[in-house]
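Please keep the sequence and the model in view while reading.

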Amino acid sequence: MALNDNATLVIGSGNYLTAPVGTDIPADLLVPTSPWSNVGHTSLEDIFSISSEGGEATVIGSLQNKSLRTKYSARTETMTFTLQQFDVPGLKLYYGSNAPILPDGSVGVPSDPTPTVAAFLAIFVDGENVFAFYAPKAEIYRADDISFGDTESLAGLPIGVKPMANGTNEWTYAITPLGSTVATGASSGTPGTFTPSGSVAPTNLAALADVIATPSSAWTTGQYVLLGDGSKAYWNGTSWVAGQAS
């Protein structure tokens with residue numbers, strides 16, 4: 001692996017956002033637009049963490065080879081951050097989406113809480129670098145008990161985000177790499193390739209709009225490029241189309 005100074009990260013600022021399940025990651029992470037909505041102020045110290053459960057290894061063998069292969073159990077991951085905004089939306093993220101608003105305006109704590117289910121996006125900015133975690137579907141709920149430790153710092157609500165597979169996706173969340181260039185061209189193939197070499201595949205069909213197709217004539221049967229969200233697209237001679245050429 002080559003050294004890549006532009007792939008290092010020192011977090012300068014960040015935001016956490018939610019949107020309806022299945023909402024695509026914004027084309028411009030610095031200016032996420034509706035329906036993405038900021039969850040509010042979050043901790044400057046307990047910025048972000050990911051813990052996991054499962055993933056235990058089981059060694060499977062044969063009579064001839066006692067350690068023939070290894071099988072791993074499913075792994076569940078939880079992203080956590082500390083929300084420092086005690087308004088109604090923030091309290092419902094912590095206590096459950098079914099937390100009732102009582103006649104006096106206070107938020108009731110449900111006896112059988114329901115997590116908030118939404119698309120989730122964590123964006124971190126380091127100068128000109130932007131780094132993000134994106135889950136098209138996630139369950140959002142309390143990660144830990146509340147503790148008010150002192151009178152000199154902002155109190156917080158520990159929030160947990162469990163990414164989930166959305167629809168036919170074989171992945172639960174995506175991470176935007178640093179130090180890579182955005183693709184400006186795409187050559188036909190099965191699958192085709194993006195240029196320049198080492199560039200990042202466009203996130204989805206909409207992100208292909210400014211990518212130049214080679215050849216510029218309609219691609220032939222079976223040809224396509226694989227996009228960042230796992231979908232396929234091909235050039236029909238005038239525009240990019242979902243799927244593969246037929």
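## The largest pocket

What volume does the largest pocket have? The largest pocket has a volume of about 1100 Å³. A pocket is defined on a 1 Å grid over the protein atoms alone, as an open set of points where a 1.4 Å probe fits, with protein on both sides within 12 Å along at least five of seven lines. Its volume is the space filled by probe spheres set on the points, which are joined across faces, edges and corners.

This is a predicted model, in which local features need pLDDT of at least 70 and side-chain atom pairs count only at pLDDT 80 or more, whereas totals for chains, interfaces and linings use all residues. Residues are numbered from 1 along each chain as its sequence is written, and side-chain values use heavy atoms, with hydrogens and water left out.

The lining of the largest pocket comprises 38 residues, and Ile25, Leu29, Thr176, Val200 and Thr203 are those nearest its centre; a lining residue has an atom within 4 Å of a point. Two or more lining residues come from each of strand 8 and strand 10 (174–175), and strand 8 supplies the largest share, 4 residues. By class, 21 residues of this lining are nonpolar, 12 polar and 5 charged. Ala, Val, Leu, Ile, Met, Phe, Trp, Tyr, Cys and Pro count here as nonpolar, Asp, Glu, Lys and Arg as charged, and the others, Gly among them, as polar.

## The second largest pocket

The second largest pocket has a volume of about 390 Å³. Its lining consists of 17 residues, with Asp46, Gln84, Ser153, Leu154 and Gly156 nearest the centre. This lining has 6 nonpolar, 7 polar and 4 charged residues.

Two of these central residues, Asp46 and Gly156, are also contacts of threonine 82. Threonine 82 belongs to strand 6 and counts as buried because its relative accessibility is 15%; buried means under 20% relative accessible area, exposed over 50% and partly exposed in between, with a 1.4 Å probe and protein chains only. Beyond its neighbours within four places in sequence, threonine 82 is in contact (heavy atoms within 4.5 Å) with His41, Thr42, Ser43, Asp46, Gly156, Leu157 and Pro158.

## Overall architecture

The protein contains 1 helix and 16 strands. These elements are DSSP runs numbered from the N terminus: helices are H or I runs of at least four residues, and strands are E runs of at least two. Along the principal axes, the C-alpha atoms fill a box of roughly 65 × 60 × 40 Å.

Of the 246 residues, 33% are buried. Among contacts with a separation of 6 or more, 56% are between residues 24 or more positions apart. The protein exposes about 14600 Å², of which carbon and sulfur atoms supply 53%; the areas come from the Shrake-Rupley method with a 1.4 Å probe.

## Nonpolar cores

In soluble globular proteins, nonpolar side chains tend to be buried together. A nonpolar core is a set of buried Ala, Val, Leu, Ile, Met, Phe, Trp, Tyr and Cys residues joined through side-chain atoms within 4.5 Å. The largest such core in this model has 24 residues, and those with the most contacts inside it are Tyr16, Phe81, Leu83, Phe120, Phe133, Ile159 and Val161. Strand 6 (75–83), helix 1 (88–95), strand 7 (116–126), strand 8 (129–142) and strand 9 (157–163) each give two or more residues to this core, and strand 8 gives the most, with 5 residues. Apart from this core lies another, of 14 residues, including Ala186, Val225, Leu227 and Tyr234.

Valine 161 touches Glu77, Thr78, Met79, Phe81, Phe120, Ala138, Glu139 and Ile140, leaving aside neighbours within four places in sequence. Ala138, Glu139 and Ile140 are also touched by threonine 116, together with Lys92, Leu93 and Ser97, not counting residues up to four places away. Threonine 116 is part of strand 7, and its relative accessibility of 16% is why it counts as buried.

## Loops and cis peptide bonds

Alanine 74 is situated in the loop between strand 5 (69–72) and strand 6. Alanine 74 is exposed because its relative accessible area is 68%.

The bond from threonine 190 to proline 191 is cis, with omega near 5°, and proline 191 lies in the loop between strand 11 (185–187) and strand 12 (193–195). The bond from threonine 195 to proline 196 is also cis, with omega near 0°; proline 196 is in the loop between strand 12 and strand 13 (212–214).
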